[in-house]
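Trainee: I would like to learn how to read a structure like this one. Please take me through it feature by feature.

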Amino acid sequence: SNLSASCWSHLHPVNMFNSYNVKFHHRKALTSPYPGSHIERSQIPEDKVGWLTEWEDYNPVEYTAKSVLARPNWADPQINDEGFSPKFNERDGEVERKSLNGLYVVENGRPRNPVGRTGLTGRGLLGRWGPNHAADPVVTRWKRDGSGNKVAHPVSGKNILQFVAIKRRDCGEWAIPGGMVDPGEKITATLKREFEEEALNSLQKSPEEKAKLEKQLQKLFSQEHFVVYRGYVDDPRNTDNAWMETEAVNYHDETGETMDNLPLEAGDDAGVVKWVDISEKLELYASHSYFIKLVTEKRGAHWSEDPGSECHE
């Protein structure tokens, strides 16, 4: 899937769900075997991904991971469990069951993936029936040389942007250091907390060290920021009844003063954390490459060596 060829910058990223090409949207959500298992999804032809295409013989595999069935505090019970009557498409106590993309269909008591079939029912590795909300902080700075000057790409002539990337422990792919929104938590709090836990290893810090980090980060996270994307994510963990949604937000350190003094240290779900130069050559987890591309467009930074691959208004 060549992201740059689609010229998506004409679309407003927050509201582009209906303009998405379903083939792109369900590329990673059709991967087999399902992550962390030997479960193979039912094969789905491209023309049968959308629910509007009738398919009477569609018989997907049912799978929910044991770790989810063990009922940790982040997971729902099974749909038929006694006393469990989730309020889909609305705020359900502390749990947000509204989708960022509007109303979704509930069929036979189960929410239906708004983008289409995935070849798997149940929840897989996801805790919630319906939308599972995450937050992805894209923390950026300009690449600079030893004298502190911005570094431009030799071909495009545009300045190179860097972002804080983590290497995920579960699959080994590079990603934005994001995570799940806790019940009742504000999205701004999730963005900051996840960055601290995954990129600064705050869970292992002493109260004094943590307080110092908090003070430095507050400066970055309280400044003007840019909502890159809000909505459905093409994620390998998605199923017909449970899917990932995220709010990706760019926090940019224009001078580099804030982030240069923060010691990056991998923690929680991250195996490695480092500053990565942004370009279209990056291969990232789920839809993360696309979020990064939107940030480069917003900041006027380097993305591609091919000038024809970037859109111009």
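Mentor: Start with Asn89, which sits in the loop between helix 2 (66-69) and strand 2 (91-92). Helices (H or I, at least four residues) and strands (E, at least two) are DSSP runs, numbered from the N terminus. This is a predicted model: local features need pLDDT of at least 70, side-chain atom pairs count only at pLDDT 80 or more, and totals for chains, interfaces and linings use all residues. Residues are numbered from 1 along each chain as its sequence is written, and side-chain values use heavy atoms, with hydrogens and water left out.

Trainee: What does the side chain of Asn89 reach?

Mentor: A polar contact is a pair of N or O atoms within 3.5 Å; within protein, one must be able to donate a hydrogen and the other to accept it, and residues adjacent in sequence count only if both atoms are side-chain atoms. Here the Asn89 side chain reaches the backbone oxygen of Tyr104 at 3.0 Å. Contact means heavy atoms within 4.5 Å. Leaving aside neighbours within four places in sequence, Asn89 is in contact with residues including Arg97, Lys98 and Val106.

Trainee: Where is Thr246, and is Thr246 buried or exposed?

Mentor: Buried means under 20% relative accessible area, exposed over 50%, partly exposed in between (1.4 Å probe, protein chains only). Thr246 belongs to strand 12 (residues 242-253) and has a relative accessible area of 2%, so Thr246 is buried. The Thr246 side chain reaches the backbone oxygen of Ala134 at 3.2 Å, and a polar contact of 2.8 Å joins the side chains of Thr246 and Asp136. Leaving aside neighbours within four places in sequence, the contacts of Thr246 include Leu100, Tyr229 and Phe291.

Trainee: How many bridges join strand 11 to strand 12?

Mentor: Two strands pair if DSSP finds at least two bridges between them. Strands 11 and 12 run antiparallel and are joined by six bridges; among the partners, Tyr229 is bridged to Ala248 in strand 12. Strand 11 (residues 226-232) is mostly covered, with five of its seven residues buried.

Trainee: How do helix 3 and helix 4 cross?

Mentor: Two packed helices are described by the angle between their axes and the distance between the axes. Axes are lines fitted to C-alpha atoms, for helices over the stretch in contact, and angles run from 0 to 180 degrees between N-to-C directions. The axes of helix 3 (residues 187-199) and helix 4 (residues 207-222) come within 11 Å and cross at roughly 130°. Angles under 35 degrees count as roughly parallel, over 145 as roughly antiparallel, 65 to 115 as roughly perpendicular and the rest as oblique. Helix 3 and helix 4 are therefore oblique to each other. Residues that meet there include Leu191 and Phe195 in helix 3, with Leu217 and Phe221 among those in helix 4.

Trainee: Which backbone angles deserve a look?

Mentor: Most residues other than glycine have a negative phi, and most peptide bonds are trans. Asn108 has a positive phi of about 55°, and Asn201 also has a positive phi of about 55°. Asn108 is exposed, with a relative accessible area of 78%, whereas Asn201 counts as buried at 9%. Asn201 lies in the loop between helix 3 and helix 4. A cis peptide bond joins Ser32 and Pro33, with omega about -5°.
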